[in-house]
Amino acid sequence: GVLFDITERKRAEALESDLRVERGTSQELRELNEMKNTFLTALSHDFRTPLAAILGLAVTMTRVEIQLSKPEVLDFSERIAGQARKLDRLVTDLLDLERLSKGGQIERTPTDIGLLVRRVMDDALFLSAHDVVIEVGDVKAEVDPVKVERILENLLANAVEHSGPGAQAHA
């Protein structure tokens with residue numbers, strides 16, 4: 001009989017197998033990093049919109065040269081509170097993401113979509129300089145209203161950002 005020592009060949013095969021696993025793991029990590037960056041970009045956008053509104057309203061209220069009437073102060077205060085509530089919902093959504101990642105479910109409730117759209121439009125300060133026409137029928141659906149609201153806000157903010165002067169929107 002002839003004996004061949006295949007120890008080195010087996011070691012090389014094991015190293016090749018380990019290398020394939022490492023390459024797969026490395027690719028997964030790159031994809032996860034890309035998803036994280038996309039998520040952080042979206043999150044930054046979601047936080048900036050209400051923060052900009054809060055800051056703009058608060059700065060306007062504190063400017064001495066601007067004399068606001070009591071109804072205007074009340075309106076500005078209500079808008080600030082509304083934007084702060086949006087930030088609170090965003091933080092809640094972040095916490096929900098962790099819950100969902102651990103197997104939780106999205107909570108859907110019967111929602112009047114038309115009413116939701118009108119509320120988003122009324123609260124969207126960045127729309128005040130734009131002519132927006134709302135044409136929404138009686139539409140009810142089982143959705144997560146907070147998430148739909150965020151989607152609408154993002155769509156409107158993007159439309160305003162990318163539309164030219166004098167552009168008219170119909171929702």
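The following exercises, each with a worked solution, concern a predicted model.

Residues are numbered from 1 along each chain as its sequence is written. In this predicted model, local features need pLDDT of at least 70, side-chain atom pairs count only at pLDDT 80 or more, and totals for chains, interfaces and linings use all residues, while side-chain values use heavy atoms, with hydrogens and water left out.

**Exercise 1. Determine which side of helix H3 is buried.**

Step 1. Helices (H or I, at least four residues) and strands (E, at least two) are DSSP runs, numbered from the N terminus. Helix H3 spans residues 113-123.

Step 2. Buried means under 20% relative accessible area, exposed over 50%, and partly exposed in between (1.4 Å probe, protein chains only). The buried residues of H3 are Ile113, Gly114, Leu116, Val117, Val120 and Met121.

Step 3. Because these residues cover an arc of only 165° around the axis, they lie on the same side of H3. The arc is that of the directions from the helix axis to the C-beta atoms. An α-helix has 3.6 residues a turn, so residues three or four places apart point the same way.

Step 4. Leu115 and Asp122, on the other side of H3, are exposed. The cover over the buried residues includes strands E1 (109-112), E2 (131-133) and E3 (140-143), as well as H4.

**Exercise 2. List the residues of the largest nonpolar core and identify the element that gives the largest share.**

Step 1. A nonpolar core is a set of buried Ala, Val, Leu, Ile, Met, Phe, Trp, Tyr and Cys residues joined through side-chain atoms within 4.5 Å.

Step 2. Six residues form the largest such core: Ile113, Val117, Val120, Met121, Val143 and Leu156. Helix H3 supplies the largest share, four residues.

Step 3. Contact means heavy atoms within 4.5 Å. Apart from its neighbours within four places in sequence, Val117 is in contact with Ile134, Val136 and Leu152.

**Exercise 3. Describe the lining of the second largest pocket.**

Step 1. On a 1 Å grid over the protein atoms alone, a pocket is an open set of points where a 1.4 Å probe fits, with protein on both sides within 12 Å along at least five of seven lines; lining residues have an atom within 4 Å of a point. Grid points are joined across faces, edges and corners, and a volume is the space filled by probe spheres set on the points.

Step 2. The second largest pocket holds about 150 Å³ of space. Among its 13 lining residues, Asp96, Arg99, Glu107, Asp144 and Lys147 are the closest to its centre.

Step 3. Helices H2 (70-101) and H4 (145-162) are the elements that give two or more residues to this lining, and H2 gives the most, with six.

Step 4. The lining comprises four nonpolar, two polar and seven charged residues. Here Ala, Val, Leu, Ile, Met, Phe, Trp, Tyr, Cys and Pro count as nonpolar, Asp, Glu, Lys and Arg as charged, and the others, Gly among them, as polar.

**Exercise 4. Is Asp144 buried or exposed?**

Step 1. Asp144 is found in the loop between E3 and H4.

Step 2. Its relative accessible area is 14%, so Asp144 is buried.

Step 3. Leaving aside neighbours within four places in sequence, Asp144 is in contact with Ile106, Glu107 and Arg108.
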